[in-house]
Amino acid sequence: MLAGGQSLVQLLKFRRCRPSALVDINGIPGLDAIERRDGELHVGALVRQQALLDDPQVAESWPLLREAAGFVGYPETRRRGTLAGSLAFAAPWAELTAAAVALDAQLDICSAAGQRSLAAREFFRGPGETALGDGELIVAVRFPAPAPGTGAAFHEVSVRHRDYAQVAAAAQVSPDGHGELVLLCVAPTPHRVDVSEALTRDDAIADLLGRLDPLDDVEASASYRQRVAPVLARRALRDAAERAHRRAPA
Amino acid sequence: MSQRVPVHVEVNGRGYDREVEPRRTLADFLREDLGLKGTHVACEHGFCGNCNVLLDGAAIRSCLMFAVQAGGRSVETVESLAGSDGELDELQLAFTEHHALQCGFCTPAMLLTAKQFLRENPGVTDARRIREAINGVICRCTGYQQIVAAIAAVAQAQQTAHSIRIETAPPVRVAQDTR
């Protein structure tokens, strides 16, 4: 199934997948809408990652989505690559998977047998592995609106600017102090951390994260990721909290 | 998968009709089928940015897109920049003046990526924004400094040209309500 092709065409070139047929969905009408519906942000399967950076509604009401999208690939790949494709590919460093989990996104999945919805929090099964079955397609991703004035931040470290994340942290904090924190590359799937305590005790993050199960690969060692994760988590939560206060009405 | 399909693509203002294998990338189509070898391929899997071309005015990786997907759309390659008499355009001249290339391999992609940036952000000389715009194209020679300087120089010239147009514009006549 071909939408943006920014991951799939790579796989084809490496002969890591050899499909007998490729279906280009770019011609299907109605899949390219990014709009507010019933208080949710509805993002169709053909919406490009760049649209998350350009859309004023995203900037206003879903700041974490915008922060995360800014770390995805390059402008040239964001103009082709889609949000839905990034989630379906489920690379462990894919920034938008962290945003989808933190924002409690719902995935509308379609197949010849019918349609179902699944929470992003139940969708990821491992690096490159999801709950998507054969013949299933994500047709839309829906994001519930965070509380007005919610602040968001995304931090990541990589060997080179804009390269794959070694560790990444996505955080958002609402004006009433409710926080979400999701880390990448410290577990086989986007790792959601209960941060209710961390927001009141600044030194609690490292204890809270405890012993993680980080990836150990060519990008970074597991021990490096274990050490960096609390630092990024703290920075992301701090920045998100600051922005929440600033955005809240006086 | 050797069955060929017809495709019509506009490249540098000229329409081309060809029959291509569906798996032909846009980069290979431009180079091998149209003979436009200014589009360079290096990593061929989307990282280096040397194959960047403008699709409907926006830079994309031509190695990660199939030629059939460009059907009915407009592509600009580096060959579109110089005039038919070989006269270089302003960005090419600035790259020459600022020594913004050494081996020259990334230059076509840099020029096109910068072209789009300056069309969408005329007069923007901010080095940070220029660097953000070209950060998807890898250059292994220059260290980027001269490339940023060349793009900023064209932006500066755009500012000057814009202010001259304002100064020499005829005074605006406002219709007077005489009643």
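A salt bridge is a side-chain nitrogen of Lys or Arg within 4 Å of a carboxyl oxygen of Asp or Glu. This is a predicted model: local features need pLDDT of at least 70, side-chain atom pairs count only at pLDDT 80 or more, and totals for chains, interfaces and linings use all residues. Residues are numbered from 1 along each chain as its sequence is written, chains are lettered from A and ligands numbered from 1 in the order in which they are written, and side-chain values use heavy atoms, without hydrogens and water.

**View 1. A salt bridge in chain A.** The side chains of Arg121(A) and Glu180(A) meet at 3.5 Å, N to O. Across the interface of domain 1 and domain 2 of chain A, the rule finds two salt bridges.

**View 2. Two domains of chain A.** Domain 1 spans 29-144 and domain 2 spans 151-247; the bounds come from an automatic or database domain assignment. Their C-alpha centres lie 20 Å apart. About 2000 Å² is buried between them (accessible area, 1.4 Å probe, that two parts lose on being put together, summed over both). Carbon and sulfur atoms give 66% of that area. In domain 1 of chain A, Leu64(A), Phe71(A) and Trp93(A) lose the most area to domain 2, together 29% of what that side buries.

**View 3. The open sheet of chain B.** Five strands run in the order β2-β1-β5-β3-β4, with mixed pairing. Strands are DSSP runs (E, at least two residues), numbered from the N terminus; two pair if DSSP finds at least two bridges between them. In chain B, β2 (14-20) and β4 (58-61) stand at the edges, each with a single partner strand, so one side of each lacks a neighbour in the sheet.

Terms used
Helix = DSSP H or I, 4+ residues; strand = E, 2+ residues; numbered from the N terminus.
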